[in-house]
Amino acid sequence: MSTFDVSGGRTPATGRRRAADRPARDTVPNRRNTELLMLAFALAIPILGYANVGLAMDGTLPANILAYGLGLAVLAGAAHLAVRRFAPYADPLLLPLATLLNGLGLVMLWRLDKAGKLLRNNFPATTNQLMWSGLGIALFIGVMWLLKDHRILQRYTYISMVVALVLLAAPAFFPSRDEDFGAKIWIRFGSFSIQPGEFAKIILTVFFAGFLMVKKDALALASRKFMGLYLPRGRDLGPIVVVWLLSILILVFETDLGSSFLFFGLFVVMLYVATERTSWIVFGLLMSFGGAAVVATSEPHVKTRINAWLDPMAAFGPHPPARSSEQIGQTLMSLGSGGTVGTGLGQGRSWLIQFAAKSDFILGSFGEELGLTGLMAIFLVYGLVVQRGLRTALAARDPFGKLLAVGLSSAFALQVFVVAGGVTGLIPLTGMTMPFLAQGGSSVVANWALIAVLMKVSDTARRPAAEPAAEPAPAIPEPAGPDRFGPPGYGAPGQSRGASS
Amino acid sequence: MNKPIRRVSIFCLVLILALMLRVNWVQGVQAASWANNQHNERVKYDRYAYPRGNIIVGGQPVTKSDFVNGLRYKYKRSWVDGPMYAPVTGYSSQIFDASQLEKLEDGVLSGTDSRLFFHNTLDMLTGKPKQGGDVVTTIDPKVQKAGFEGLGNRKGAAVAIDPRTGAILGLVSTPSYDPGTFAGGSDADSAAWTALQNDPNQPMLNRALRQTYPPGSTFKLVTAATAFESGKFKNPGDTTETPETYILPGTSTPLVNDSPDEPCTNATLASAMALSCNTVFGKIGAELGGDALRAQAEKFGFNNDKVDVPIRAAASYYPSGSSPDGTAMDAIGQHDTRATPLEMAMVAAAIANNGSLMQPYLVSQEGSAGNAISTHSEHQLSQAVSPATAQKLQQLMEGVVKDGTGKRAAIPGVTVGGKTGTAQHGQDNAGKPFAWFVSYAKDSSGKQVAVAVVVEDGAAQSSEISGGSLAAPIAKSMMQAALGK
């Protein structure tokens with residue numbers, strides 16, 4: 001167990017001394033002004049990108065650049081004010097990073113919409129995406145406002161389980177359409193459709209975190225040794241394995257491989273963090289290799305994907321394999337044509353990837369127009385989001401918060417890896433959305449919610465101990481256990497639980 | 001729980017790092033191979049993303065780049081006098097690729113050639129719109145026009161060369177096509193392309209460079225050259241000891257002349273050339289032997305499959321291992337001997353240039369004026385015959401024009417040498433004969449030009465076809481145009 005330190009450094013001694021020497025509120029800068037400054041950068045980059053696209057494609061600044069800039073600024077500003085009001089100690093980087101990614105995504109969608117006549121199956125996406133982004137930020141503000149303390153979510157551990165399973169199973173009851181390309185991952189109401197997997201990602205994390213928090217000691221300690229590995233008792237592990245297996249089965253049935261992999265990885269990571277037992281990693285790796293081998297040999301959809309990964313150009317040959325797609329090959333050519341510095345926004349031809357240029361393969365569009373340089377920057381931004389989330393997990397004082405933050409961050413990281421790895425040909429393509437960048441309402445809204453929850457956790461984590469007199473009784477009893485996370489510098493454990501509960 | 005969180009954190013960093021390494025691999029190491037992949041349509045679009053450079057003839061561009069602002073292609077190629085210059089320029093189509101100079105010089109024309117890098121960078125820095133480089137040809141528009149109009153609607157080809165340098169002054173092939181009709185990507189362009197592909201007259205065949213014909217009597221120049229070079233004959237006035245009826249060796253078949261009353265019996269080389277006596281040159285060829293003839297023919301450029309001007313010409317062919325009677329026929333340009341119009345122009349040019357055969361070339365300069373990235377330097381392809389032999393051959397050829405079968409090529413005040421040919425072809429010579437004329441002209445100021453003309457099916461009846469009547473006037477007008485007479 002390590003010592004908590006508000007500045008994130010590994011200097012517990014200093015942190016302790018500082019906390020002891022001065023009143024707590026002065027020692028913890030809330031960094032809201034930093035956030036505002038970063039937010040200004042995060043807005044300037046997409047707005048300049050928007051101007052760039054207009055100049056490159058039409059030779060003039062886009063007519064509605066002011067409206068666009070103002071719109072983005074109002075959305076981001078509202079989010080910022082909500083953070084100031086409801087989560088003043090939240091991590092200052094997460095909101096700007098998410099705003100930057102969302103803004104860049106909007107610019108690229110707008111640019112691809114402008115090339116719309118060149119795309120087959122084109123559906124203009126910018127307006128919708130803007131609406132969804134607005135909705136996402138509204139949800140972000142809603143979470144900030146309504147979720148007084150992330151530990152409230154613990155109450156909904158088993159409800160979360162049910163909701164996640166219902167969400168995951170729902171698409172199976174809706175008919176698939178031609179344009180869904182094999183995956184049954186949508187719930188449809190008329191022209192309105194959502195992708196429940198994106199929300200299930202968050203809700204399932206809540207369930208895993210809540211369940212593991214309660215069971216972690218039993219899982220870690222009450223186990224039998226078997227072949228050099230510690231195996232937990234069935235009644236401890238049972239429920240979570242059942243839920244996890246169910247979700248994987250549902251997803252395999254719906255041929256949503258990316259999500260299967262994501263939930264599997266999420267499960268292993270959270271189990272490992274909760275129990276601190278490396279054997280889980282070994283189990284996880286063995287099971288994932290085994291599962292991958294079984295699925296790869298039995299499921300034709302997966303076989304196609306693996307063959308496309310091994311030979312992306314086969315689809316261009318005189319005898320393309322059945323159900324093969326040119327998209328990976330097109331994306332690789334798109335990336336190659338972009339080269340080191342890219343063609344410049346609006347000057348590439350990533351629409352050759354066809355409709356997927358806007359959705360699954362939007363990274364190809366970025367790679368072509370912003371080049372290697374731009375992609376590296378985008379990966380860095382994603383990496384920063386993940387690392388800020390994991391930093392939040394380190395900082396969190398309660399095991400539930402830790403598990404929640406680890407789960408959400410690693411789910412985000414796994415999703416980025418699975419999508420970007422698939423698009424760039426590192427691993428077989430599994431079909432998920434690039435968080436914030438890709439066209440897709442559910443994805444944008446869900447990821448804004450994810451960022452909101454992470455920020456809520458970080459707010460609680462970074463919040464200095466309140467004056468003992470003003471503190472009402474905690475809403476949720478601290479779970480008993482040998483593993484206590486109260487930072488020694490912040491007084492009695494009861495006082496460290498946050499002021500807003 | 002913090003230790004596993006730190007490990008998860010490192011794991012996530014490794015994931016991101018793996019992605020970064022992967023894009024470095026794809027966009028850094030492999031970038032060029034993906035960018036130039038044969039399935040990468042960007043290569044096609046790039047070619048028309050900004051104005052293409054021009055092909056220059058006589059100081060004027062014969063090509064244009066029209067701004068069409070299409071969805072995929074911003075510019076479209078068009079040509080000035082397309083059919084006339086098509087054998088020179090080739091085509092450059094948005095959907096049907098490109099050919100000849102448009103294809104071979106694509107790097108320069110589309111501005112991607114690395115030698116244009118400095119210029120392009122300069123343009124980029126000064127804010128000038130990107131533009132491909134130009135290709136300056138050696139073609140003389142007057143010569144080209146004379147040949148094109150001379151051939152008219154007949155099938156054939158004509159090549160004019162400056163013998164001293166090898167510069168190609170005219171390169172005509174008829175019937176021709178307008179590359180502009182299928183430069184775009186519309187349905188009409190596709191229809192035009194299909195129609196041209198299916199046209200039995202093969203308008204897209206570059207007959208001047210890519211079609212070989214039996215050279216007929218024009219090949220007697222090579223036979224005569226071998227005779228002089230081998231020492232078998234010393235002077236044009238030497239008699240040839242030819243019988244009235246020459247029986248092909250090893251057979252009972254007589255070799256016949258065009259008309260039986262021609263005085264070919266025991267004729268001198270000069271009069272045999274002037275009258276184009278088959279018996280005389282057939283007999284000389286058989287006596288010299290196939291190997292000697294082939295060696296001489298190869299010095300003139302036969303059997304060379306790498307004559308690049310820079311458009312690669314089809315290899316002209318002189319056979320090896322013919323039987324004696326076959327060699328007699330080979331020696332008069334029948335049997336297995338084949339030649340392109342370019343090859344016969346090279347023969348005439350080498351003779352006119354005192355035996356020195358210059359490398360024929362079409363591109364004198366790449367890059368626009370003031371920004372040339374390369375300029376052609378002339379060089380000798382071979383010393384085809386000694387200067388003394390060349391002069392004797394010139395006497396023979398001038399005799400042909402003065403009082404032989406090539407009178408129609410005579411130009412007052414200009415030294416003109418020529419050789420007619422009427423080549424039989426087809427099964428049992430059933431096809432209409434090809435009318436040939438190869439010639440050169442020199443004026444008093446030292447200007448020179450060598451020309452070869454072939455007309456495939458110039459007249460309704462075979463008997464009316466002869467090199468002298470059909471091809472010589474075309475050669476004459478091209479020579480006049482070249483010398484400015």
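In strand S13 of chain B, Glu366(B) is the bridge partner of Val135(B). This pair belongs to a predicted model, for which the predictor reports an ipTM of 0.85 and a pTM of 0.73 for the complex. Chain B has a mean pLDDT of 85, with 96% of its residues at 70 or more.

**Mixed sheet of chain B**

- Strand S5 (residues 135-137) and strand S13 (residues 363-366) of chain B are paired in the antiparallel sense, over 3 bridges.
- These two strands sit in an open sheet of 5 strands, ordered S2-S1-S5-S13-S14 in chain B, with mixed pairing.
- The edges are held by strand S2 (60-61) and strand S14 (374-375) of chain B; each has a single partner strand, so one side of each lacks a neighbour in the sheet.

**Antiparallel sheet of chain B**

- Another open sheet of chain B has 5 strands in the order S7-S6-S18-S17-S16, and its pairing is antiparallel.
- Its edge strands are S7 (168-174) and S16 (415-423) of chain B, each of which pairs on one side only.
- From one strand to the next, the twist averages 5°.
- Strand S6 (residues 156-161) of chain B runs antiparallel to S7(B), and 6 bridges join the two.
- Within that pairing, Ile161(B) has Ile168(B) of S7(B) as its bridge partner.
- Helix H17 (residues 387-403) of chain B lies across S16 and strand S17 (434-442) of chain B, and runs at about 75° to S16(B).

**Helix pair H5 and H16 of chain A**

- Helix H5 (residues 94-114) and helix H16 (residues 441-462) of chain A pack at an angle of about 170°, and their axes are 10 Å apart.
- Because angles over 145 degrees count as roughly antiparallel, H5(A) is roughly antiparallel to H16(A).
- The crossing of H5(A) and H16(A) is right-handed.
- H5(A) contributes Leu94(A), Leu95(A), Ala98(A), Thr99(A) and Asn102(A) to the contact, and H16(A) contributes Val444(A), Trp448(A), Ile451(A), Leu454(A) and Met455(A).
- By class, the residues of the contact between H5(A) and H16(A) are 8 nonpolar, 2 polar and no charged.

**Helix pair H10 and H11 of chain A**

- Helix H10 (residues 257-275) and helix H11 (residues 279-298) of chain A pack at about 165°, with axes 9 Å apart.
- That angle makes H10(A) roughly antiparallel to H11(A).
- The crossing of H10(A) and H11(A) is right-handed.
- On the H10(A) side, the contact is made by Leu257(A), Phe264(A), Val268(A), Leu271(A), Tyr272(A) and Thr275(A).
- On the H11(A) side, it is made by Trp280(A), Ile281(A), Gly284(A), Met287(A), Ser288(A) and Val295(A).
- The contact of H10(A) with H11(A) comprises 9 nonpolar, 3 polar and no charged residues.

**Backbone features in loops**

- Thr174(B) and Pro175(B) are joined by a cis peptide bond with omega of about -10°; Pro175(B) is in the loop between S7 and helix H9 (187-198) of chain B.
- The peptide bond from Val309(B) to Pro310(B) is also cis, with omega near 5°, and Pro310(B) lies in the loop between strand S10 (307-308) and strand S11 (312-313) of chain B.
- Phe436(A) is not a glycine, yet has a positive phi of about 70°; Phe436(A) lies in the loop between helix H15 (399-423) and H16 of chain A.

Notes
Residues numbered from 1 in each chain as written. Chains lettered and ligands numbered in written order. Predicted model: local features only at pLDDT ≥ 70, side-chain atom pairs only at ≥ 80, totals over all residues. Heavy atoms only, no water. Axes fitted to C-alpha atoms, helices over the stretch in contact; angles between N-to-C directions. Helix = DSSP H or I, 4+ residues; strand = E, 2+ residues; numbered from the N terminus. Parallel < 35°, antiparallel > 145°, perpendicular 65-115°, else oblique. Left-handed = near helix turned anticlockwise from the far one by under 90°. Contact = heavy atoms within 4.5 Å. Nonpolar A, V, L, I, M, F, W, Y, C, P; charged D, E, K, R; others polar. Pairing = 2+ DSSP bridges. pLDDT = per-residue confidence, 0-100.
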